[in-house]
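Please read the report below beside the sequence and the model. It is written for someone meeting this structure for the first time.

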Amino acid sequence: MTYRSLLLGTAAALVAGPALADMNFNRIASFPVVENQPGAEESSSEIIAATADGMTLVYTDSPAEVLGFIDITDPHAPRAAGVLELDGEPTSVAVAGQAAFVGVNTSEDYINTSGHLLAVDVTSRAVLGDCDLGGQPDSVAVAPDASFIAVAIENERDEDLGDGRVGQMPAGFVAIVPLADGAMQCDAIIRADVTGLAEIAPEDPEPEYVSINDEGEIVVTLQENNHMVVLSAAGELLSHFSAGAVDLEGIDVDEERAFVYNGSQPGRLREPDAVTWIDADHFAIANEGDMDGGSRGWTIFHQDGSVIYESGTDFERAIIEIGHYPERRSGNKGVEPESVTFDVFDGTPYVFVGAERASVVGVYDVTDPANPVLEQLLPSGIGPEGYVTIPGRGLLVSANEVDGLEDGAARSHVMIYEYQDAPAVYPHLTSVGMDELTGWGAISGMVADPDSGLIYAVNDSFYAMQPTIFVIEPSMDGPSRIIDAIRVTRAGQPAQLLDMEGITLDGEGGFWIASEGRTDRLVPHALYHVSADGEIEDYVPLPEELLAVERRFGFEGITMVGDTLWMAVQRSWDDDPENTVKLVAYNTETEEWGAVRYQTTDPEMGWVGLSEIVAHGDHVYLIERDNQIGSAAVTKLITRVALENMVPAPLGGDLPVVEHEVVVDLIPYLTSTGGYVLDKVEGLAIMPDGTIWVSTDNDGVDDHSGETMFFAIPPM
């Protein structure tokens, strides 16, 4: 096999945004926190903070019971700086100067609650102080003038007891710890009582999150109680009010493997998680929900209790348009906004809203708090939990808590974004501008239309009740756009028992679609002839020679050469020698089947197989990839085979092995936007001039960040 690798010096520019630059946040690096504990079975980055000089990040890792450190002297190349072992579960961390204050939960159970506040020198890791808090801590915040620390003592409920309702003692409270020259004054802790305030379980407040403004006022969310409290630095009650409810219309409320926006949730309680001050009078909350609510958006309040701004469904709808909507969470709380923070960058005040289940960070300009403007949606790791801003260095950082090792997903990452005079790099693909709200995801096969310049792409069986051909208008100067969604039907109804993994034009205005079968789920391996409007007109089952040796991993691409359809089989079937797969041929005129074999790369881990096949010029081009993610990924390639060598032999006998050459190593492209290497590179479309378009499959945002890369490689 020969190797012809395309030069990748312009990889980062391939997904550039609009030609006219403006100030935008773009991701520049991702740090897998397992690098701080190589070999750890589980790692997590949850709440994160930064030292005053902005050079070191400090994060809580609850499963490992450690405090983690990251050196970001060069933010483009973050480095592991070790961990500090703790005597319990760290729940939150805040930093003043070079001192980190971490809340540690040491509770025996839900009744015998305990915890302490630990002060640690970030440089030496020496313990500077330790205060008993008298309960289970959650959020920790340091006053802007470093005069005190506020800690939400949640004393959380047992969700398996009493139907999971609040009203379980002991009650929570807010601990206020005075600081003198940076040292905690443990003997002067104020215990602010917040019982008797909420309409819901007033005897059992569960403080969730605290934030402190420049005037030393503390705003507290009581999430399960759906209540807001504002306290003075002395613990005096300044104001309190219900977080209220939102009437939601036009939302997806059923987990039916389809995007259907006809549901409603009237009077949906906000039940806020995180809160952040915007100025001396206003604060923003993320309405995640927990017990009864979750309004899928975020809200700005005046501290007198009046609503200044309510996002309603706007935030979630924007997330839907960029393919990050977690359909399997429809019956619960949708995108679940959990995190919110605020800071000013170059004179512009921003609120950053993190959607936990969509793995997205919304960037809002709040120059006018009554009319925030959504400027960007940034891709994050799985389950963004905490944020820290470093405006002096132009940095935004997200901590993403989910470690997907057991599920074959990405591990916990800390992601770094830079405020740049540059185009916005993400999203790569959007359905913004369509007449109807159109959700999408799990993009698998693609094909280019040489006449219109459009690209057709199919979703896979994740959306089993809504198989769709998406019509994409590709753009080199900004996000490519989905301009139509053709539903694939059988007798006018959504076609079931399909797993569409490849699509090609039939030359007559319609399509051929390859469906990857799965016999144990009654999904047949088959080819489907589909009309221009999506109706299945005919299908071709596999011959007995193939069914006799079939395995679950079947067709992963289809292309047409003359009268012959060529399909790439993803992995070896029973009659294939090790590290070989079939390229299967079907002649639409003679109805004859045949095949050749393709030698795949010997995998370092997992497996290597094929994900796509496209005919262009004198060759067929294929995606060859391993099933690895992040730093474990090795093989993500575009290869090609000369058409003159694609001579199918009869099935059931010896099959010739075709020679192939490597055209492009995709890993530099997959890391060009500061993220980790995504597993499923599955879509390939080639324009008449040789421009190659590549897409990744986001697994329907299930055990996945939802990020879809859709980018072009110039003609070779």
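The sections below take up confidence, cores, strands, a helix, a disulfide, aromatic rings and one serine.

## Basis and confidence

This is a predicted model, in which local features need pLDDT of at least 70 and side-chain atom pairs count only at pLDDT 80 or more, while totals for chains, interfaces and linings use all residues. Residues are numbered from 1 along each chain as its sequence is written, and side-chain values use heavy atoms, with hydrogens and water left out.

The predictor's confidence in each residue is given as pLDDT, on a scale from 0 to 100. The protein chain has a mean pLDDT of 95, and 97% of its residues reach 70 or more. Over residues 1-20, however, pLDDT stays under 50, and for this stretch the model has 54 contacts beyond four places in sequence, a contact being heavy atoms within 4.5 Å.

## Nonpolar cores

A nonpolar core is here a set of buried Ala, Val, Leu, Ile, Met, Phe, Trp, Tyr and Cys residues joined through side-chain atoms within 4.5 Å. Buried means under 20% relative accessible area, exposed means over 50%, and partly exposed lies in between, using a 1.4 Å probe and protein chains only.

The largest nonpolar core has 37 residues, and those with the most contacts inside it are F25, I638, L666, V694 and I713. A second, separate core has 31 residues, among them F259, A286, V360 and Y426.

## An open sheet and its edge hairpin

Helices (H or I, at least four residues) and strands (E, at least two) are DSSP runs numbered from the N terminus, and two strands pair if DSSP finds at least two bridges between them. An open sheet is formed by 5 strands in the order 43-44-45-46-50, with mixed pairing. Strand 43 (555-561) and strand 50 (657-658) stand at its edges with a single partner strand each, so one side of each is left without a neighbour in the sheet.

Although strand 43 stands at an edge, it is mostly covered, with 5 of its 7 residues buried. Strand 43 pairs with strand 44 (residues 564-569) in the antiparallel sense over 5 bridges; I558 stands opposite M567, and M560 has L565 as its bridge partner. These two strands form a hairpin with 2 residues between them, and G562 in the turn has a positive phi of about 65°.

## A second hairpin

Strand 15 (residues 207-212) has 5 of its 6 residues buried, so it is largely enclosed by the rest of the structure. Its pairing with strand 16 (residues 218-222) is antiparallel and runs over 5 bridges, with P207 opposite L222. The hairpin of strand 15 and strand 16 has 5 residues between the strands, and G216 takes a positive phi near 80° there.

## Helix 1 and its cover

In helix 1 (residues 314-321), the buried residues are F315, E316, A318, I319 and I320. Their cover includes strand 19 (245-251), strand 25 (337-345), strand 26 (348-355), strand 27 (360-365) and strand 28 (373-379). After helix 1 comes G323, whose phi is positive, near 80°.

## The disulfide

A search of the whole structure finds 1 disulfide, defined as a pair of cysteine sulfur atoms within 2.5 Å. The link joins C131 and C186, whose sulfur atoms are 1.8 Å apart, and it is left-handed, with -80° about the S-S bond. It connects distant parts of the chain, 55 residues apart: C131 is in strand 9 (residues 127-132), and C186 is in the loop between strand 13 (183-184) and strand 14 (190-192). C131 counts as buried at 0% relative accessibility, whereas C186 is partly exposed at 32% relative accessible area.

## Aromatic rings

Rings of Phe, Tyr and Trp (its six-membered ring) pair if their centres lie within 6.5 Å, and planes under 30 degrees apart count as stacked, over 60 as edge-to-face and the rest as tilted. The structure holds 26 aromatic pairs. In one of them, the rings of W277 and F283 have centres 5.4 Å apart and planes at 85°, so the pair is edge-to-face; both W277 and F283 are buried. One aromatic cluster is formed by F25, F345, Y350, F352 and Y419.

## The surroundings of S572

S572 lies in the loop between strand 44 and strand 45 (580-587) and, at 18% relative accessibility, counts as buried. Leaving out residues up to four places away in sequence, S572 touches R551, P577, N579, T580 and V581.
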